[in-house]
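Hello,

As promised, I am passing a structure over to you, and my notes on what turned up in it follow below.

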Amino acid sequence: MKMWTSYHTFDHPWETVVKAACRKYPNPCNPCVLGTDVIDRRVRDGVLYSHRLVTSEWRFPTWISPLFGHRGPCYAIEWSEVNPEDREMVVKTVNVSLGKHVSVGEEVRYKPDPKDPQKTLLTQQAIISISGVPLIDQMERLLTMTIEQNAKKGRQAMEWVIERLQSEVKDIATSAVKSTDDLLNQTRRQIDDITSITKRGMDDLQNAAKKSFDEFHNLTVPPPPQSIPKL
C-alpha cells in the first residue's frame, strides 16, 4: 500500500476556486478524463451534496493491461460536499473498475489559506493498494507517479477554468456596458428628437402669432361717421 499527499495554494479566493472545481471537466489539461455524469445532487442544511460517475482512461504501459484483464475506459465514483458557511469543499473518489486488483481512494479539500484568506489551500491525499498480481510494489509506485502527474495537470486545469470564468465575467460586463451605452444613446436621440419637434412647434406657433398680430395692425381703420346736422 502507498500513500500520497500533496499541498498547493491557488492565488484565488475560495469561491472562485470552488466554481472552477465544479466546472473542471472537460478541459485540455486532463484529456484522460472523458466525462462526468451526475447521479444525484441535492442541498441539505445549506450544504451542496453531489454524487457523480467519472469516466477516465488510464494510460498504463502495454505490459500492465493484460495483468489486470481490463481494457477500455475506467470508472470511479465521486462524492463531493460544498459548505459555503464553513467555506470548505471536500471531494472523495473511489475507483470502480479494476476493483478486484486495484484500490485507489482519493480525498481533496479546498479551504481558504490560513495565512491569506484571499488564497485557497488545496490538500490532496490518495491511498493506493494493489493485490492479486505480480510486481505489486513496482506497480504501486507506478500508479502513485501517475496520480502525481495527473494532480499537476489538474492544477493546471483549474487555472485554465478560472481564466475562462474571468473571461466570461469580462465579456458579460463589456456586453452590459455596451447595452447601457446603446440605451443611453438611444434615449439621447429620442430626447433630441422630442426637443427638436417641440422647438419647431414653438417656432411655428410664435410665427403664426406674430403674423396674426401684424395682420391685425395692418388693417385699414374706417373713418368715424359724420355728425348729423341738427334740424
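**Overview**

Of the 231 residues in the protein, 29% are buried. Please keep in mind that this is a predicted model. Its secondary structure consists of three helices and seven strands, and along the sequence these run in the order β-α-β-β-α-β-β-β-β-α. If we take the contacts between residues at least 6 apart in sequence, 57% of them join residues at least 24 apart. The accessible surface is about 16,000 Å², and carbon and sulfur atoms account for 57% of that.

**How some of the strands pair**

Strand S1, residues 2–10, pairs with S7 in the antiparallel sense over nine bridges; Met 3, for instance, has Ile 127 in S7 as its bridge partner. S6 and S7 are also antiparallel, and 12 bridges link them. Here Ser 103 has Ser 129 in S7 as its bridge partner. A hairpin of two residues takes the chain from S6 to S7.

**The largest pocket**

I expect you will want to look at this one. The largest pocket holds about 930 Å³ of space and has 45 lining residues, with Tyr 25, Val 54, Glu 78, Thr 93 and Glu 106 nearest its centre. Among the elements that give two or more residues to this lining are helix H1 (14–22), strand S2 (33–44), strand S3 (47–56) and helix H3 (136–217). Which element gives the largest share of the lining? That is H3, with seven residues. Sorted by class, the pocket lining has 28 nonpolar, 10 polar and seven charged residues.

**One cavity**

Searching the whole structure for cavities of 30 Å³ or more turns up one. The volume of the largest cavity is about 40 Å³. Around it are Phe 60, Ile 64, Phe 68, Val 102, Ile 130, Met 139, Leu 142 and Leu 143. H3 gives the most to this lining too, with three residues. By class, the cavity lining is made up of eight nonpolar residues, with no polar and no charged ones.

**A serine in S4**

Ser 80 sits in strand S4. Is Ser 80 buried or exposed? Its relative accessible area is 9%, under the 20% cut-off, so Ser 80 counts as buried. Beyond its neighbours within four places in sequence, Ser 80 is in contact with Leu 48, Tyr 49, Ser 50, Val 90 and Val 91.

**Backbone points to check**

Most residues other than glycine have a negative phi, and most peptide bonds are trans.

- The peptide bond from Tyr 25 to Pro 26 is cis, with omega near -5°. Pro 26 belongs to the loop between H1 and S2, and Tyr 25 is one of the residues nearest the centre of the largest pocket.
- Arg 87, in the loop between S4 and S5, has a positive phi near 55°. Its relative accessibility of 26% makes Arg 87 partly exposed.
- Leu 98 also has a positive phi, about 60°, without being a glycine. Leu 98 lies in the loop between S5 and S6 and, at 14% relative accessibility, is buried.

Do write back with any questions.

Best wishes

Notes:
Residues numbered from 1 in each chain as written. Predicted model: local features only at pLDDT ≥ 70, side-chain atom pairs only at ≥ 80, totals over all residues. Heavy atoms only, no water. 1 Å grid on protein atoms, 1.4 Å probe; cavity = no way out; pocket = protein on both sides within 12 Å on 5 of 7 lines; lining within 4 Å. Points joined across faces, edges and corners; volume = space filled by probe spheres on them. Helix = DSSP H or I, 4+ residues; strand = E, 2+ residues; numbered from the N terminus. Nonpolar A, V, L, I, M, F, W, Y, C, P; charged D, E, K, R; others polar. Buried < 20%, exposed > 50% of the residue type's maximum accessible area, 1.4 Å probe, protein only. Contact = heavy atoms within 4.5 Å. Areas by Shrake-Rupley, 256 points an atom, 1.4 Å probe, with all protein chains shown as cover. Pairing = 2+ DSSP bridges.
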